[in-house]
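Student: Hi! Could you walk me through the ring contacts here?
Tutor: Happy to, let's open it up.
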Amino acid sequence: MTFPESIKILLRKIFASKYGWSGDYKSWDKAKQISTGYNASLILEKVKTSTLKVKKGDAVFERDSVLFDTIEYSWPLLASLMWIAARNKGKLSVIDFGGSLGSSYFQNKQFLSTLEHVQWSVIEQKNFVECGREYFEDGELKFFYSIKACIEAGGMPDVLLIACTLPYLEQPLKALKDFLHTGIPYLIIDNTPFNYQSYDRISVQRVDPLIYEASYPCWFLDYNKVKETVLSNYIIINEYFNNTSILLDGRKIPYRGLLAKLKPNNK
């Protein structure tokens, strides 16, 4: 028997897990007040342990400290990266904002290794940068505290990658506007959930303790508002949906992204 979508949504609400995303808060501070926060040291240690297994070849893929038996590719992201590299004669320089300990780098390394030259620079919080430099940094993978520091050290990259990071910034649209004025030739927003309604919504994400103990504020941004912001400085080449989704109010929210190119007059 097939149920109408409205019945499916109702059933998902009734039998919703206590973990995941919920709430519609008036401010980031309000959502933060009812969140437990997280043990940064514990999470970093779990991510480090998992990522080291991937680096050593003992596991094939890590995401949010969870190990997987097979790599779950974001094919639109990989296609975008390889397209940019093709336009640069097999060379690719990436700034990965909020890139953990290099999750996306290791995820795509099999394909990246076919390129003539790769530089992958992760921008992260202080403790992740320190850990990354000690355990993971090499000739291709680097770690920095800011985009500015990265550009000063290695020059202008080809592309800025923002993969599921905007929702966890206190002021995501302000941050995005700042990113757009760096002059980086290409922008990729990947694997990000947006609100199914036309406004910016703040929820609280409660992480399943099987992963780690944490709850924190999380945005569901209005996709059209994000798109309009990008269009102020960039031309959108492609928009896409990823294969993953989450539940919000019993509705399936697909992850999505876009590839954009800097407008000629903004170089």
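Student: Which ring does the charged end of Arg133 sit over?
Tutor: The ring of Phe144, with the charged end 5.9 Å from the ring centre. "Over" is used when NZ of Lys or CZ of Arg is within 6 Å of the ring centre and within 35 degrees of the ring normal. Arg256 also has its charged end over a ring, that of Tyr223, 3.6 Å from the centre.
Student: What kind of model is this?
Tutor: A predicted model: local features need pLDDT of at least 70, side-chain atom pairs count only at pLDDT 80 or more, and totals for chains, interfaces and linings use all residues. Residues are numbered from 1 along each chain as its sequence is written, and side-chain values use heavy atoms, leaving out hydrogens and water.
Student: OK, new topic. How many aromatic pairs are there?
Tutor: The structure holds 12. Rings of Phe, Tyr and Trp (its six-membered ring) pair if their centres lie within 6.5 Å; planes under 30 degrees apart are stacked, over 60 edge-to-face, the rest tilted. Trp83 and Tyr186 form an edge-to-face pair, 5.8 Å centre to centre with 85° between the planes.
Student: Are those two buried or exposed?
Tutor: Trp83 is partly exposed at 32% relative accessible area, while Tyr186 is buried at 7%. Buried means under 20%, exposed over 50%, partly exposed in between (1.4 Å probe, protein chains only).
Student: And which residues do ring pairs link into a cluster?
Tutor: Tyr105, Phe106, Trp120 and Phe136. Of these, Phe136 is buried with a relative accessible area of 0%, and Phe106 is buried at 12%.
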